[in-house]
Amino acid sequence: MSSRIVRFGVVAAMVLSVTSPVSAAGKRPDCDWTQWGQNAAHTGQSCAPGQRDLQLLARLVVDPFAEQEAGESQFGGYIPVHLPTPLADGDGNVFVLRKGGAYVSCDSPGSGTPAPCGQDPGNLERQTWSVQALRWKQGELVPTWSYTSDWKPSRIVGKESLFQSAMSEDHLYVPGAGGTVLQLAKDSGRLVQRINPFGRTVDPAAFTAGGLTLDDRGTLYYNVLRSEPAGGLDDVHSWLVRVTPDRTVGTVDYRTLIPGAPRATDLCYEEFDGDDLPFPPAPQPDGTPTLPRQSPCLSQRAAISVSPAVGPDGTIYTITRAHNRSGGRNYGYVVALRNDLTLKWATSLRGILNDGCGVLVPYGTEPFDCRPGSALGVDPYTNLQPAGGVDDGSTASPVVLPDGGVVYGTRNFYNGSRGHLLKFDRAGRPVADFDYGWDITPAVYRHDGTYSMYVKDLNYGEGPHNITRLDANLDKEWSHTSTETRNCERLPDDTVSCVDEGRHPNGFEWCISAPAVDRDGTVYGLSSDGHFYVVDKRGRQLEKVFLSKTIASAYTPVTLDPRGRIYAQNNGELYVLGKQ
């Protein structure tokens, strides 16, 4: 089947009049896109069929600093921010991010002057994060209210982390300052209450981290980090917070949650550094393997941009890591808790993989090869069995599977900075892995008594770059390969200018942090080539829609509303696509 390439006129205003399509899904609460990954399990599947013959229905700026942010990026124009997924319900309400405030660019990228500038935490604090409420009325997406949160990105890691709200039938829950959550009335934006698990005072050292999650019972879950020395070390304290519908607040302390996890003053291995390449270094004179230096592990804490997941049985899944410099790469855990916040199981991400030297990394003399003679399967950066990495630069979150298992996407550097998708059964035992592309929360498609998952399967730098469908055992069913090689940009007169610079002969990366899949198994996602793609359940490309600009993308999620309209983001703008 040939794909349909769509180009549309630029709409300067935020409101665009169209004829609203008739929904085949009807109004069902389970069709609402309420949070990261659509639902509490993060499966990313809508009950609605996605619309076809896509046209532009609305376009609005969500990040006015995108061009400046891209200019500071060390990755060649990518936007180094985490954009949340828009929220949408069957009543026609849509809630999106709107950034404001000020952004100071550095004199030259990475220079740090005039301080603070660029991605410096002090510069991030000049910005504001708001929720913009919109509503479909007679075919127009009309703004209704806006609320500016007092939330700021944490100085703990100096990254712009995920600002992800969650939606119930009557309320919107928005990250707030000091580890709090702001409960707003959906119809007006009125502040109902500030949820503060630590008392009445808003603690400036605390930080609401990652996405908010609402389960089917209306219970809220989220993570909090707070700067807090431990044993004389520059450490953090971290909690999982639970808020029930009757406003009962409970917390669990990540420092003491996991038996056997390293504590703050324990020593953890880092990675090799220096110029003695290829790694791992040669053995010691007595023949024993050379290992990296050790440093205090610091405390276990939540990953900065992870969203907890909740299964149908009420089990809560979250991701932790040691706080020290290398703790994310080497000392992470997948954690399951009962709904009373007692530990069900915790599985270390160490000791699962064995695909380093001689498997995914060849022996040789090039810098990124493995030193000949090193042990089979080890991570060349540690000379130890590889560990699944928990990266604070990733929004990857656990996904609860129909068979009761859970998957989580890790990051590893020895396999070309790709990472692994790891599957655990309902008891926390690792049962499968797939070497793929990091920073993604897979979408799950139930079919024929089983299920499949959609992931991005990237080969950074050289390509090819794929959207891959995996079966329940993480075996590949098919891949759809990126083939666009041109750099394109939409000009002010609405023409699209494309130039093939020869820099991407094997296509562009897929910029998908959380794809959407409709009820028929069709998957929706954006590529860094600037196009939005629709690929059916057999891997056939159905539509290809150019948005704004090549490369100027953060890793972004996709939302489907109950009518099958599509919400995608490129170059700091939100595009709503559907049928006229």
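In which loop is Gln138 found? In this predicted model, the residue lies in the loop between strand E5 (127-137) and strand E6 (140-149). Gln138 has a positive phi of about 50°, although the residue is not a glycine. The side of the classification to which Gln138 belongs follows from its relative accessible area: at 82%, Gln138 is exposed, because the cut-off for that class is over 50%.

A positive phi in a residue other than glycine also occurs at Asn383, where the value is near 65°. Asn383 is placed in the loop between strand E21 (343-348) and strand E22 (399-400). Is Asn383 buried or exposed? The relative accessible area of Asn383 is 13%, and this residue is therefore buried, the limit being under 20%. Thus Gln138 is exposed, whereas Asn383 is buried.

Cis peptide bonds were examined next. One of them joins Thr113 and Pro114, with omega at about -5°. Pro114 is located in the loop that runs between strand E4 (93-101) and helix H2 (121-124). A cis peptide bond also links Gly463 to Pro464, and its omega is about 0°. The loop that holds Pro464 lies between strand E27 (450-457) and strand E28 (466-470).

The loop positions can be set side by side. Pro114 is in a loop between a strand and a helix, E4 and H2, while Pro464 is in a loop between two strands, E27 and E28.

Terms used:
Residues numbered from 1 in each chain as written. Predicted model: local features only at pLDDT ≥ 70, side-chain atom pairs only at ≥ 80, totals over all residues. Heavy atoms only, no water. Helix = DSSP H or I, 4+ residues; strand = E, 2+ residues; numbered from the N terminus. Buried < 20%, exposed > 50% of the residue type's maximum accessible area, 1.4 Å probe, protein only.
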